[in-house]
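Work through the exercises below with the sequence and the structure open. Each task is followed by a solution in steps.

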Amino acid sequence: MTGLDLTGRAAIVTGASRGIGLATAEALAAAGADVVLTSRTQESADAAAAQIGGTAVGVGAHAVDEDAARRCVELTLERFGRIDILVNNAGTNPAFGPVIDQDHARFAKIFDVNLWAPVLWTSLVTKAWMGEHGGAVVNTSSIGGFTMEPNIGLYNASKAALIHLTKQLALELSPKIRVNAVAPGVVRTKLAEALWREHEQAVAGATALDRIGEPADIAAAVAFLVSDAASWVTGETMVIDGGQKLGHAGMFRPGSVFGG
């Protein structure tokens, strides 16, 4: 079976200063890849790259800043001579509450970062390298893209759109570029803090595998999807949620009114 060796490949990971992005950059570097990490500020990007060490490079580039994105792609080619992997991980959610209570500014920010940025970065790396040489793209979606939840409806809508976009790009960029997505459940990140910080035990108890996710859980899936082990996988969204999407696991536990 083909392994997860990424030696000789170069990767860009957006939104990589912490959480899933940083863990993903670490996993790709551990598999042998040269990694470029982006963050809103150069300082946070440099700090993240320093945590990884080796050939890792930090670049200050807000995900929706086209000029900064273009400079990052150019720097990656200058430094490593290639771009084999793109992980569109940057995400945001400034809107909390019913959809009809949100204003256009929040709507625009969510869809700019969560949907437009993956289009922008994928376009740039395709035209600069992958279109001719091939490569793999992974988008960070969410299990919220498959369901409805109170208060985060706009965020979930953007992630549902990203799942659709993943399929569209997989066809448009085939056969040279594979495009997939990961859909994390509740993971121990700052972005998802409101979903677990005050009630982690309850969230874990409702999850089939009895814990919330860690960034490394998602990073491992991304590393698989960009590797040759997934060479016949494209247009897919891999759910990594410990079984959260299955339903409330507490009902199946011994001693519950349902589980006996």
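## Exercise 1: a loop threonine

T207 lies in the loop between α7 (200-205) and α8. The model is a predicted one.

Task. Decide whether T207 is buried or exposed, and find which residues T207 touches beyond its sequence neighbours.

Solution. 
- Step 1. The relative accessibility of T207 is 1%. Buried means under 20% relative accessible area, so T207 counts as buried.
- Step 2. Leaving out residues up to four places away in sequence, T207 touches D241, G242, Q244, A249 and R253.

## Exercise 2: the sheet

Task. Work out in what order the strands of the open sheet are arranged, and which strands stand at the edges.

Solution. 
- Step 1. The open sheet is formed by 7 strands, and the order is β3-β2-β1-β4-β5-β6-β7. The pairing is parallel.
- Step 2. The edges are taken by β3 (57-60) and β7 (237-240). Each has a single partner strand, so one side of each is left without a neighbour in the sheet.
- Step 3. On average, neighbouring strands of this sheet are turned by 20° against each other, direction ignored.
- Step 4. Helix α3 (residues 66-80) packs on the sheet and touches β1 (10-13), β2 (34-39) and β3. The direction of α3 makes about 160° with that of β3.

## Exercise 3: two covered strands

Task. For β6, state how many residues are buried and how many bridges join β6 to β7. Then treat β2 in the same way, with β1 as the partner.

Solution. 
- Step 1. In β6, 8 of 8 residues are buried, and the strand is mostly covered.
- Step 2. The cover extends to both faces of β6: I177, V179, A181 and A183 are buried on one side, and R178, N180, V182 and P184 are buried on the other.
- Step 3. Strand β6 (residues 177-184) is joined to β7 by 4 bridges, and the two run parallel. Here P184 stands opposite I240 in β7.
- Step 4. Strand β5 (residues 135-140) is joined to β6 by 6 bridges, again running parallel. In this pair G135 stands opposite I177 in β6.
- Step 5. In β2, 6 of 6 residues are buried. D34, V36 and T38 lie on one side, V35, L37 and S39 on the other, and all are buried.
- Step 6. β1 and β2 run parallel and are joined by 4 bridges. A10 stands opposite D34 in β2.

## Exercise 4: α1 against α8

Task. Find at what angle the axes of α1 and α8 cross, and which residues meet.

Solution. 
- Step 1. The axes of helix α1 (residues 19-30) and helix α8 (residues 215-226) come within 8 Å and cross at roughly 50°. That makes α1 oblique to α8.
- Step 2. The crossing of α1 past α8 is right-handed.
- Step 3. From α1, the residues G19, I20, A23, T24, A27 and L28 take part; they meet P215, A216, I218, A219, V222, A223 and V226 in α8.
- Step 4. Sorted by class, this contact of α1 with α8 has 11 nonpolar, 2 polar and no charged residues.

## Exercise 5: α4 against α5

Solution. 
- Step 1. α4 passes α5 in a right-handed crossing.
- Step 2. On the α4 side the contact includes F107, I110 and F111, and on the α5 side it includes L154, Y155 and K159. By class, the contact has 13 nonpolar, 3 polar and 1 charged residues.
- Step 3. With a relative accessible area of 0%, T166 is buried.

Methods:
Residues are numbered from 1 along each chain as its sequence is written. This is a predicted model: local features need pLDDT of at least 70, side-chain atom pairs count only at pLDDT 80 or more; totals for chains, interfaces and linings use all residues. Side-chain values use heavy atoms; hydrogens and water are left out. Axes are lines fitted to C-alpha atoms, for helices over the stretch in contact, and angles run from 0 to 180 degrees between N-to-C directions. Angles under 35 degrees count as roughly parallel, over 145 as roughly antiparallel, 65 to 115 as roughly perpendicular and the rest as oblique. A crossing is left-handed if the near helix is turned anticlockwise from the far one by less than a right angle, and right-handed if clockwise. Contact means heavy atoms within 4.5 Å. Ala, Val, Leu, Ile, Met, Phe, Trp, Tyr, Cys and Pro count as nonpolar, Asp, Glu, Lys and Arg as charged, and the others, Gly among them, as polar. Two strands pair if DSSP finds at least two bridges between them. Buried means under 20% relative accessible area, exposed over 50%, partly exposed in between (1.4 Å probe, protein chains only).
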